[in-house]
Amino acid sequence: MQFISIPNAPRSVGHYSPGVISGNFIYVSGQVPMDPVTGEKVTGSFDAQCRQALNNVKTILEAAGSNLNHVVKVNAYIT
C-alpha cells in the first residue's frame with residue numbers, strides 16, 4: 001500500500017491520506033470544496049463547490065499517475 005501525497009497542498013485536516021494506492025487500484029478519500037492553494041473553502045454556487053471538489057479528486061489521481069478517465073465509481077453526498 002502506498003499513500004498519495006499532493007505537492008504544494010495544505011496538510012489534511014483529518015487523520016487520513018488524500019488517497020491510497022493498493023494493487024492496481026487508487027482509493028481517493030472524500031473531498032470537500034477546499035482550494036488546495038489557499039486552504040480556503042470555496043463557497044457560492046453548487047456548481048463552483050462541485051467543480052472544486054472534483055478538481056481535488058483529479059489532482060489526487062494525477063499525483064498517483066492516473067486521471068479521471070479511469071474512474072469507475074464516484075459517490076456524491078449533497079446537502
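The following legends describe close-up views of side-chain contacts in a predicted model.

**View 1. The aromatic pair of Phe-25 and Tyr-27.** A pair of aromatic rings is described by the distance of the centres and the angle of the planes. One aromatic pair is found when the whole structure is searched. In this pair, the ring centres of Phe-25 and Tyr-27 are 6.2 Å apart, and the planes meet at 35°, so the arrangement is tilted. Planes under 30 degrees apart would count as stacked and planes over 60 as edge-to-face. Phe-25 is classed as exposed, because its relative accessibility is 54% and the class begins over 50%.

**View 2. The salt bridge between Arg-51 and Asp-47.** Side chains of opposite charge can pair when their charged atoms come close. The model contains two salt bridges. In the one shown here, the closest N and O atoms of Arg-51 and Asp-47 are 3.3 Å apart. Both residues belong to helix α1, which spans residues 46-63, and they are four residues apart, about one turn of the helix. Arg-51 has a relative accessible area of 51% and is therefore exposed, whereas Asp-47, at 45%, is partly exposed.

**View 3. The salt bridge between Lys-58 and Glu-62.** Here the closest N and O atoms of Lys-58 and Glu-62 are 4.0 Å apart. This pair also lies in helix α1, with four residues, about one turn of the helix, separating Lys-58 from Glu-62 in position. Lys-58 is partly exposed, with a relative accessibility of 35%. Glu-62 is likewise partly exposed, its relative accessibility being 44%.

Conventions. Residues numbered from 1 in each chain as written. Predicted model: local features only at pLDDT ≥ 70, side-chain atom pairs only at ≥ 80, totals over all residues. Heavy atoms only, no water. Phe/Tyr/Trp six-rings, centres within 6.5 Å; stacked < 30°, edge-to-face > 60°. Buried < 20%, exposed > 50% of the residue type's maximum accessible area, 1.4 Å probe, protein only. Salt bridge = Lys/Arg side-chain N within 4 Å of Asp/Glu carboxyl O. Helix = DSSP H or I, 4+ residues; strand = E, 2+ residues; numbered from the N terminus.
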